[in-house]
Each structure stands twice: as C-alpha cells, then as structure tokens.
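Biologist: Could you walk me through a few local features and how to read them?
Modeller: Gladly; let us look together.

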Amino acid sequence: QVQLVESGGGLVQPGGSLRLSCAASRNIFSRYDMGWYRQAPGKQRELVARLTSGGSTNYADSVKGRFTISRDNAKNTVYLQMNSLKPEDTAVYYCNADPLRELPDRYLELWGQGTLVTVSS
C-alpha cells in the first residue's frame, strides 16, 4: 500500500513562508493526480491546490498568487510553497492522491496524516 507522509508545518508569523512536503512511498505520479487540502476547526475541508498527472495546476482563489504546488519525480515528493501567509491560512493541511478514472477500483484515493500550519504573531 502506498503511504503519504507530510512534513513542514509549524508556527509562522503573518507574511512569512513555509514549504510543505508530501513524500510518497512509491512512484505514483503517472497514475494519480496530487492535491493539497486544508481543514480548519469547524470548517469544511477545502481544496487548496491540485497538480494533475499531466502537469496541470489549479488553485483556490484564496491562495492564487501566494501558493505554488510542484513535484520532484525523482524524490516521489509533492510540495506546497506557501508565501505571504495570512492568519486565515491556519489549518491542518492534507496531501491527497486521486487515482485516474480509467484505473481499476483497486486503486484507492490516498490521504496523508496531516500537518498543522499556524499563522499567528
């Protein structure tokens, strides 16, 4: 079973930057679209950024121009670079791998354990 392990969260001041990492235990990028989601207490989990198997990206309007999703195929790792952080970015961030629709049902959606980002002075 493929494992996703997130890291890089922590406490940062408003206006600061963090880079989150999502390491996959195997090479999966050819078969999965990757994404970052976040969830704050009492809030619905929301999509922050997506990077498809083919390399296309899309972002939530709230983070456009500030966040960048990327991947390193050699390291089996997806990143979320977060700049100009705001208090409203505070949330638990989750890495997601979504299997391509043409794959058999045995290819399951995957989630990391979550990493907490706190933006506060």
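What follows is a short talk about strands, rings, charges and backbone angles.

Modeller: This is a predicted model, in which local features need pLDDT of at least 70 and side-chain atom pairs count only at pLDDT 80 or more, while totals for chains, interfaces and linings use all residues. Residues are numbered from 1 along each chain as its sequence is written, and side-chain values use heavy atoms, with hydrogens and water left out.

Biologist: Which residues of strand E1 are on the covered face, and which on the uncovered one?
Modeller: In a regular strand, side chains alternate between the two faces of the sheet. Here, Leu 4 and Glu 6 make up the covered face of E1 (residues 4-7), and Val 5 and Ser 7 the uncovered one. Strands, like helices, are DSSP runs numbered from the N terminus (E, at least two residues, for strands; H or I, at least four, for helices).

Biologist: Which way do E1 and E3 run, and how many bridges join them?
Modeller: Two strands pair if DSSP finds at least two bridges between them. E1 and E3 (residues 18-24) are antiparallel and joined by 4 bridges, with Ser 7 opposite Ser 21 in E3.

Biologist: How many aromatic pairs are there?
Modeller: Such a pair is described by the distance of the ring centres and the angle of the planes. Rings of Phe, Tyr and Trp (its six-membered ring) pair with centres within 6.5 Å; planes under 30 degrees apart are stacked, over 60 edge-to-face, and the rest tilted. By this rule there are 2 aromatic pairs. One of them, Tyr 32 with Tyr 107, is tilted because its planes stand at 55°, with the centres 6.5 Å apart. This pair links distant parts of the chain, 75 residues apart: Tyr 32 is in strand E4 (residues 32-39), Tyr 107 in the loop between E9 (91-99) and E10 (110-111).

Biologist: Is Tyr 32 buried or exposed?
Modeller: Buried means under 20% relative accessible area, exposed over 50%, and partly exposed in between (1.4 Å probe, protein chains only). Tyr 32 has 5%, so it counts as buried; Tyr 107, at 27%, counts as partly exposed.

Biologist: Over which ring does the charged end of Arg 45 sit?
Modeller: The test asks for NZ of Lys or CZ of Arg within 6 Å of the ring centre and within 35 degrees of the ring normal. The charged end of Arg 45 sits over the ring of Tyr 94, 3.9 Å from its centre, and also over that of Trp 111, 4.8 Å from its centre.

Biologist: What is phi of Asn 76 near?
Modeller: Phi of Asn 76 is near 55°, a positive value in a residue other than glycine.
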